[in-house]
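Trainee: I am new to this structure. Please take one part and go through it closely with me.

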Amino acid sequence: MNSLDISILFGILALLIILSALFSSSETSMMALNRYRLKHQAKSGHKGAELAQKLLEKPDRLLGVILLGNNFVNIFASSIATIIAMKLIGEAGIALAAGLLTMVVLIFAEVAPKTLAALHPEKIAYPAAYVLTPLLKLFSPIVWLVNFFANGFLKILGVNIHNVEDAHALSNEELQTLIYEATSQLPEQYRSMLSSVLSLESVTVEDVMIPKQDMYAVDVDQPIEQILKNIQKSPYTRVPIYRSSLDEDLIGILNLRRALPILMRDEVTLKDIIRITRPAYFVPETTSLNVQLGKFNENKRRMALIVDEYGDLQGLLTMEDLLEEIVGKLSTDAKAKPIEDAVALHDDGSMTIDASEFIRDLNKEYELQLPTDGPKTLNGLIQEVLEELPSPGTCIKVQDYVLEVIETSTNAIEAVKLSTYSTKKKKRKKASHE
């Protein structure tokens, strides 16, 4: 090397720095690749993506060949820089060459190429895969030897190098974040639907059922004319039929579409109605919605009656109720009034709410953070906190909200005024200044 012309040495040094930059950028780009996008492109037939995916299946070998090449060219560059310094300045230039080379390598072979690779990983990783694949085959004995000692050291530390797939698996919460942060091209409606699908596992049928007191059912312990009138007034196509008590003598479920030919007759008897009813389908209140969705399909049912651990009837769930958890309120919903009709918004940011409204619906519609792990309605939440039926004017603080009882009946809270705790404090300060 000492016999080479100084210009040739500078050329070799520049080439080594370029090679170092290529190795550095390929390392960062490979590690920065989106694994799910990479899988998609590999399945689509992208050759560079296929090679990159294969290299990333064994990251220890990939890093081994990259670092082997990078360290080799950096050490070689240091030797060339030392020879150039000796020729130009002498022994005093060795330290100066080391300092200058460090800055050049840091800027042009490390920071700049790695930053570029982090910003555009695919543009660098896919072409690099064409080079790294044959290099890995060429230097496989050396890479294997290096990885043998490196992996052995990691095993001593208790690190498992073979769970690459598990390391990139996403939890439910991480998938929720991915939906809202990395899917900006999707409309808000679709993002909400994807998020709702992920939430089905944590929501039970009890959370979305129609409570027993709101169920529309027909008592057959009355004249047949009245029975037929009640059936005709039903807002649903499936109606529970019972005798005297819904809890004690439930006959079955009447499907009005199937019963229509019989109901259209001039003379209809109670036996005719009971004969075409179908046995009720019961579901425990703790069943999650994702499980129940499969059960509906498996049992070819569209309605289920919800029971508690003692077998007592708690409410009713339909396929439409379940689907609303994914797609939002359906326009064909024949149930009770919309949530907007049960909530009155005020200029000061507070709201007056029908206390029978479900907390989950309020949280979803108005972006509240009321607790949902206990009672399902505001009425139940307040009574659980106070352990009694409060009188109008009673206020309680739940998390960051103040709930004021506006109206009560004999056995329930009818209306509640909800405001944030910060709003209440501002009002008190303003009143004290006045």
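Mentor: Start at Ser244, in the loop between β3 and β4. The model is a predicted one. Ser244 is not a glycine, yet its phi is positive, about 70°. Most residues other than glycine have a negative phi.

Now take the strands on either side of that loop. Strand β3 covers residues 238–242 and pairs with β4 in the antiparallel sense. The pairing runs over 5 bridges. Arg238 stands opposite Asn255 of β4.

Step back to the sheet. The sheet is open and has 3 strands, in the order β2-β3-β4. Its pairing is mixed. Which strands are at the edges? They are β2 (218–219) and β4 (250–255), and each pairs on one side only.

Next, look at what lies across the sheet strands. Helix α13, residues 256–263, lies across β3 and β4. It runs at about 85° to β4.

There is another positive phi to compare. Lys300 is not a glycine either, and its phi is positive at about 55°. Lys300 is in the loop between α15 (289–299) and β6 (303–307). Is Lys300 buried or exposed? Its relative accessibility is 67%, so Lys300 counts as exposed, the cut-off being over 50%.

A glycine case comes after helix α4. Gly90 follows α4 and has a positive phi, near 105°. Helix α4 itself has 30 residues, 59–88. At 1.5 Å a residue they should span 44 Å. The end C-alpha atoms are 43 Å apart, which agrees.

Run the check again on helix α10, residues 188–199. Its 12 residues reach 16 Å from first C-alpha to last, close to the 16 Å expected. Arg191, Ser195 and Ser196 are buried in α10. Seen down the axis, the buried residues of α10 fall within an arc of 135°, so they line one face of the helix.

Glu325 is in helix α16, residues 319–327. With 9% relative accessibility, Glu325 counts as buried, because buried means under 20%. What does its side chain make a polar contact with? The partner is the side chain of Arg360, at 3.0 Å.

Conventions:
Residues are numbered from 1 along each chain as its sequence is written. This is a predicted model: local features need pLDDT of at least 70, side-chain atom pairs count only at pLDDT 80 or more; totals for chains, interfaces and linings use all residues. Side-chain values use heavy atoms; hydrogens and water are left out. Helices (H or I, at least four residues) and strands (E, at least two) are DSSP runs, numbered from the N terminus. The expected span of a helix is 1.5 Å times one less than its number of residues. Two strands pair if DSSP finds at least two bridges between them. Contact means heavy atoms within 4.5 Å. Axes are lines fitted to C-alpha atoms, for helices over the stretch in contact, and angles run from 0 to 180 degrees between N-to-C directions. Buried means under 20% relative accessible area, exposed over 50%, partly exposed in between (1.4 Å probe, protein chains only). A polar contact is a pair of N or O atoms within 3.5 Å; within protein, one must be able to donate a hydrogen and the other to accept it, and residues adjacent in sequence count only if both atoms are side-chain atoms. The arc is that of the directions from the helix axis to the C-beta atoms.
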